[in-house]
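Student: I would like to learn how to read a structure like the one below. Could we take it feature by feature?

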Protein chains: 2
Amino acid sequence: MSNSAAQISQTQTRRQKVEHREEAIIAAASSLFNDKGYRKTTISDIARQSGVADGTVYLYFKNKEDVARAVLADFYDGLTQSAQNGVDALSSPRERIEFFARHHMGEVIGNWRILEIVSTLGHTIDNYEGSDIYALNRAYSTVFIRVAKDAIQQGEFAKDTSPTILRDIFFGSLEYGVRTLMIKRQQNDIENFVQGLMNILFGSGQARNGAVGNQLADRLDQAVSRMEQMLDENET
Amino acid sequence: MSNSAAQISQTQTRRQKVEHREEAIIAAASSLFNDKGYRKTTISDIARQSGVADGTVYLYFKNKEDVARAVLADFYDGLTQSAQNGVDALSSPRERIEFFARHHMGEVIGNWRILEIVSTLGHTIDNYEGSDIYALNRAYSTVFIRVAKDAIQQGEFAKDTSPTILRDIFFGSLEYGVRTLMIKRQQNDIENFVQGLMNILFGSGQARNGAVGNQLADRLDQAVSRMEQMLDENET
DNA sequence: TTCACAAAATGAAAGTTATTCATCATTTAT
DNA sequence: ATAAATGATGAATAACTTTCATTTTGTGAA
């Protein structure tokens, strides 16, 4: 005959306990993955570090991959949020893209081992499109896609530029850039890479001296000059 | 008291047998990896398909990862070779880079499951620089680096462009592009992506409203207008 | 050909993990 | 207080990888 409020409060208490355990497992897994990598971390490791029995992990997660997914979800949520916030605080497309690049590289470098999981699991999953990792990735990259569309709209890129191709170029470049920085142990050279990428993406102005594109531009330039001169002479 | 030539010939015969076995194991593993993926392929599978006992595999390879490495080495050798050949057959930097992109995407898509291994092996950064996979990767990307340096030299990119950053942008973009094509099951859209990438890398001319390129276009527009007007006036 | 020996090959056994499940412990509801 | 439900446990299982004591095979000498 306890009222329903009491019931609710009791179930909440239980749920809180449950959530606390779940969080403890995720936290333990996250730290272990970052430490030893996904493959070398065993369920027993995770159970021990979070103070439960091996079997208990399976009450909260379907299997080891599921634990990894939860860890990733945690990470992506924060990443998407902070990226969106940063983008909102800026106005010009170019500034936004530059911020995004810097932000992304910093976060990825700081959580390198955890992101290994994406490539480890990404390939394995048969129906990646339906997976939650895909959804997380998508939510994040959507933040960029919106910025990209705006940039195209505002003439920073050719009108017929495909936003999805731009996205692939952007994230692909950053991923490889990070890998190189990690390998070379020059994790502070983010700035250098970001500037290099911006120059390629937006064109650095000074480029293409004798190249085909410029030869055409030069010829065109000369032709326009001749035309203008002719017009000037005739219009008097 | 058989002469040393005979001895050598005999050991060669034996070594040939050994190499044949090794090749058979690599071939079996390669086909199985491509079929079922690395993780789901067991040593027993590989042993059965190459007609040896499980234990025999370990006479030729230290462990399962070692088998995978050999398969990868095989793949990279061919990739590097064909990339170099293709590049050698072309002269302009732009054509070379475009060919490289197409070639790379095609090969990666065609050997998708085998390349899983690269990420599956979860190379921890500590020992990556000394690993054989790193050396293979390096040999391959060196082919591109040479092309890139040449392109910069010839003015296709700003003189101060870093070849290694260009390399990261190039391969990173392609990797992400392939991933997208695989997910979307549009593996024949390589051409579309390659063109999009080329436009970004080399600048598409029509881009950037107020930018340098457009000033020329504006002058052209104005000159043409004046000419048209002049012609109209003269034709009466 | 036969023998002794080294090199190769074998597959049963041992070692590692992920995962399950019968059993025990703790809440909750009556 | 007690039955029912929910949570937790860790030993057992299953699926592999890897090892190693034996067996088989190939080779050169007698």
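Tutor: Start with the word contact: two residues are in contact when they have heavy atoms within 4.5 Å of each other. Keep in mind throughout that this is a predicted model.

Student: Which residues does B:Thr180 touch, not counting residues up to four places away in sequence?

Tutor: B:Thr180 touches A:Arg167 and A:Asp168. B:Thr180 itself sits in helix α9 of chain B, which covers residues 163–183.

Student: Is B:Thr180 buried or exposed?

Tutor: The cut-off for buried is under 20% relative accessible area. B:Thr180 has 16% relative accessibility, so B:Thr180 counts as buried.

Student: What is B:Gln195 in contact with, leaving aside its neighbours within four places in sequence?

Tutor: B:Gln195 is in contact with B:Glu98 and B:Arg102. Take B:Glu98: B:Gln195 and B:Glu98 are 97 residues apart along the chain, yet their C-alpha atoms are separated by 8.2 Å.

Student: Now a pair of helices. At what angle do α4 and α6 of chain A pack?

Tutor: Helix α4 (residues 64–88) and helix α6 (residues 112–124) of chain A pack at about 125 degrees, and their axes are 10 Å apart. The crossing of α4(A) past α6(A) is left-handed.

Student: Which residues of α4(A) and α6(A) meet?

Tutor: From α4(A) they include A:Leu72 and A:Phe75, and from α6(A) they include A:Ile117 and A:Leu121. By type, the residues of this contact are 10 nonpolar, 1 polar and 1 charged.

Student: How far should the coordinates be trusted?

Tutor: Where pLDDT is low, the predicted coordinates should not be read in detail. For chain A the mean pLDDT is 86, with 84% of residues at 70 or more. Over residues 1–11 of chain A the pLDDT is below 50, and this stretch has 1 contact in the model beyond near neighbours in sequence.

Student: Which elements of chain A have the lowest and the highest mean pLDDT?

Tutor: Helix α10 of chain A (residues 212–235) has the lowest, 66, and helix α2 of chain A (residues 43–49) has the highest, 98. Residues 205–213 of chain A also stay under 50, though the model has 21 contacts for them beyond four places in sequence.

How values were computed
Residues are numbered from 1 along each chain as its sequence is written. Chains are lettered from A and ligands numbered from 1 in the order in which they are written. This is a predicted model: local features need pLDDT of at least 70, side-chain atom pairs count only at pLDDT 80 or more; totals for chains, interfaces and linings use all residues. Side-chain values use heavy atoms; hydrogens and water are left out. pLDDT is the predictor's confidence in each residue, from 0 to 100. Helices (H or I, at least four residues) and strands (E, at least two) are DSSP runs, numbered from the N terminus. Axes are lines fitted to C-alpha atoms, for helices over the stretch in contact, and angles run from 0 to 180 degrees between N-to-C directions. A crossing is left-handed if the near helix is turned anticlockwise from the far one by less than a right angle, and right-handed if clockwise. Ala, Val, Leu, Ile, Met, Phe, Trp, Tyr, Cys and Pro count as nonpolar, Asp, Glu, Lys and Arg as charged, and the others, Gly among them, as polar. Buried means under 20% relative accessible area, exposed over 50%, partly exposed in between (1.4 Å probe, protein chains only).
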